[in-house]
Each structure stands twice: as structure tokens, then as C-alpha cells.
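Please read the following note beside the sequence and the model.

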Amino acid sequence: MKEHTIQLNLSPERKPKPQSADLGFGKIFTDHMFIMDYTEGQGWHDPRIVPYQPLSLDPSCMIFHYGQSVFEGLKAYLTEDNRVLLFRPERNFQRLNRSNERLCIPAVDVDMAIEALKQLISVEKEWIPKWEGTSLYIRPFIIATEPFLGVKPSSRYQFIIILSPVGLYYKEGIKPVKILVENEFVRAVAGGTGEAKTAGNYASSLKAQEIADRKEYSQVLWLDGVEKKYIEEVGSMNVFFKINGEVVTPALNGSILDGVTRNSVIQLLKHWGMTVTERRISMEELREAHQAGQLEEAFGTGTAAIISPIGELLWKDEKMIINDGVTGPVSEKLFHTITSIQGGKEPDPFNWTMEVEQCIEVK
Ligand code: COI
């Protein structure tokens with residue numbers, strides 16, 4: 001898809017840009033969005049950048065009834081010398097297509113999606129916040145728009161990208177959070193949709209999260225859906241543990257999301273000469289490591305929070321305090337290194353960042 005095939009319809013009005021203290025996560029949206037339609041027999045068509053606006057959809061659209069939808073999350077950063085960097089966007093759009101495949105949604109062209117995103121960001125460059133720890137969160141998503149109540153894959157879809165200037169995802173930031181190990185509800189099972197980024201996975205996680213909130217825990221630690229013995233994810237993030245000098249993370253088993261930050265953390269740790277193992281980890285093993293004084297660090301990884309250290313795990317009646325409840329050196333170094341690469345402050349040895357050239361001049 002060539003640049004000129006994306007129609008540009010700029011908004012005559014511009015909203016005021018937020019101040020740092022207003023940011024939070026995912027509450028404020030920019031002036032424009034990207035949208036493209038899919039119609040069976042025609043494929044994806046009519047890519048366009050239009051003013052940010054409500055969607056007008058028939059109440060019978062399949063998205064509202066059977067949840068056929070996928071999404072992604074990535075970020076754009078403004079560097080000190082005013083360049084715009086994306087972090088590994090191709091991995092997000094490749095994963096979007098893996099989610100599409102699982103949800104019977106037609107694939108999008110990865111190069112075209114990146115081009116569309118670059119043009120949208122080019123239009124919205126002024127919205128990228130410049131303060132430490134802030135960025136422009138990018139939410140691409142696809143919804144089933146055929147008006148029909150039968151259960152089958154939709155024959156129509158919309159692919160939309162919206163942008164939101166953000167600060168911290170968790171109010172704790174890089175401070176350790178308290179995590180409740182979830183023994184009743186499960187997030188996903190192998191063969192289900194756990195490795196797809198689809199809305200239903202997040203809807204079905206809310207109940208456990210609500211219970212954790214009531215007990216004043218930040219997130220839940222998800223166990224496997226069959227034996228409820230093996231660790232899978234934490235909240236909406238992947239999870240890592242440092243046990244006796246070795247870093248371990250649950251192996252991708254069909255029910256765990258293949259996180260971009262997860263992959264980046266594994267590469268960085270190996271680059272630093274540390275041992276990283278992707279394998280099954282049981283709660284029993286974690287408890288034994290804790291009792292032996294070998295559970296040195298634990299942290300979640302995700303695009304929103306980057307690194308979220310875990311200071312406490314509650315499993316049944318047993319409370320495990322990790323690294324005295326303070327951020328460990330590996331978590332700290334990973335957070336610092338990844339955010340510095342993302343913001344163009346440190347060399348990028350893996351070529352993870354992609355610069356967005358200013359391709360559209362906006363008055
Ligand atoms: C992330 O950690 O990046 C997520 O997936 C959270 C998102 C659902 C807000």
C-alpha cells in the first residue's frame with residue numbers, strides 16, 4: 001500500500017493538550033484516528049485518517065454479541081532531540097495477525113499497518129508527551145461489524161488505531177506491588193484464546209481482579225487452567241522470577257501471551273550474560289525457593305508498565321515477601337535500560353526502535 005492511498009481528513013478543531021498531572025493511563029485521546037474497513041470479497045479497503053469520533057454501529061453488529069475482536073498495545077516516544085521512536089512495532093502487528101488467525105479475522109498487511117501508524121503519528125506528533133516516564137500509547141484494534149445474530153465469523157470488520165498520551169499505568173510505578181495468587185478463577189487454558197490478545201480474555205479476568213482489589217492486592221497471579229499448579233501470568237503481564245541467580249519465566253505453552261516486553265527482557269538478560277530459562281514453574285517450587293531464601297526478585301513485564309516489581313505474593317494463607325518488598329537490582333536495571341532505549345537515550349544494540357519521519361505537515 002502506497003502512502004497516498006491513505007485518505008487524510010483532518011479535524012478543523014484541536015483539543016487542548018494535557019499537562020503531565022492529567023495523564024494517567026488511557027483517559028485522553030488525540031484529535032485523529034486511523035480507520036479501514038473489510039468487506040468479504042473486497043478485502044481491506046478505504047484506509048483513512050479522520051477526526052477522532054464516536055463510531056456509529058448497528059446494535060446487531062457481531063462484536064457486541066460474540067466478542068469477535070482483537071487488539072494491540074504499543075508506544076511512541078519523543079526523544080530529547082525531538083525525534084519520534086516506535087518500539088518494535090512489527091512484533092505487535094505480527095502478533096495482531098496471530099490473534100486474527102485465532103479469532104477467524106482476516107489478516108492485515110503488516111507493512112501497511114506500520115505505514116498507517118507512522119502517518120497517524122506524524123499528524124499527532126504534538127500529542128506525544130515530553131515528560132520523563134510518559135509516552136503516546138497506541139491502541140490498534142479490530143471489531144466484527146456485520147449486523148447478524150448467528151454465531152459465525154463476521155463478513156465485515158473495522159481496523160482502527162487510536163492514540164492516548166499516557167503516564168504511569170500502575171500508580172505504584174516502578175515500586176513493588178502486592179500480588180494475590182488466584183486459586184479459583186483461571187485466565188486461559190491451552191487450546192483456548194490465552195495467547196491471543198482478544199477482548200474476552202480481559203473481560204474474564206475482571207472477577208478475580210475485583211476480589212484482589214477488595215483485599216488490597218494490586219493484581220492476581222494466574223495459574224494454569226488445568227491443575228492450578230503452574231504459574232502463567234500476572235495481571236495483564238508476563239511474569240519473571242529470579243531464583244538463586246537464575247531468571248525464569250513460564251514457557252509459552254499456548255495459554256500465555258507472547259509479550260513484546262517479555263521477549264525484550266529475555267534478550268537483554270542474555271546479552272548481559274545472565275542465565276534465563278523459559279520453563280514450567282510451580283507455586284510449590286516458588287514457595288520452596290522463598291523458604292530457602294533463594295527467591296531473589298519477581299516482576300511483571302508489559303507494554304503499559306514495562307517492568308512492575310512484585311514485593312509480596314499471597315498464596316492461600318502464606319505471605320511471601322520478596323527482596324524485603326523493595327525493587328531489586330535486575331528489575332531496576334531492566335526498567336532503566338528498556339525505557340532508555342525506547343526514549344533514544346541509550347544505544348539500541350538490537351535495532352528495536354523505528355523512527356517515525358515527519359511525513360505529513362500539519363498546520
Ligand atoms: C500491557 O501490559 O501492556 C497490557 O497488555 C495492558 C493493557 C491491556 C492495558
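1. I143 counts as buried because its relative accessibility is 8%. Buried means under 20% relative accessible area, exposed means over 50%, and partly exposed lies in between, with a 1.4 Å probe and protein chains only. Accessible areas come from the Shrake-Rupley method with that 1.4 Å probe, and for residues only the protein chains shown count as cover. I143 belongs to strand β7, residues 135-144. Helices (H or I, at least four residues) and strands (E, at least two) are DSSP runs, numbered from the N terminus.

2. Which residues does I143 touch, not counting those up to four places away in sequence? They are L55, L57, I63, Q68, S69, R156, Y157 and Q158, where a contact means heavy atoms within 4.5 Å. I143 and D37 are 106 residues apart along the chain, and their C-alpha atoms are separated by 10.0 Å.

3. A remark on the source of these values is in order. The model is predicted: local features need pLDDT of at least 70, side-chain atom pairs count only at pLDDT 80 or more, and totals for chains, interfaces and linings use all residues. Residues are numbered from 1 along each chain as its sequence is written, and side-chain values use heavy atoms, with hydrogens and water left out.

4. Q209 is found in helix α5, residues 206-214. With a relative accessible area of 18%, Q209 is buried. Leaving aside residues up to four places away in sequence, Q209 touches S218, Q219 and V220.

5. N82 has a positive phi, near 70 degrees, and is placed in the loop between β5 (74-78) and β6 (84-87). R88 also has a positive phi, near 50 degrees, and is placed in the loop between β6 and α2 (89-102). Are these residues buried, partly exposed or exposed? N82 counts as partly exposed because its relative accessibility is 45%, whereas R88 is buried, with a relative accessible area of 6%.

6. The side chain of K197 has an N or O atom 2.8 Å from an oxygen atom of the ligand. A backbone N or O atom of A304 is 2.9 Å from a ligand oxygen atom, and a polar backbone atom of T303 is 3.0 Å from one. On its own the ligand has 290 Å² of accessible area, and the protein covers 90% of it.

7. Finally, the chain as a whole. Its secondary structure comes to eight helices and 18 strands. Buried residues make up 54% of its 363 residues. Among contacts with a separation of 6 or more, 71% join residues 24 or more positions apart. The C-alpha atoms fill a box of roughly 60 × 55 × 35 Å along the principal axes.

Terms used
Polar contact = N/O pair within 3.5 Å; in protein donor to acceptor, adjacent residues only side chain to side chain.
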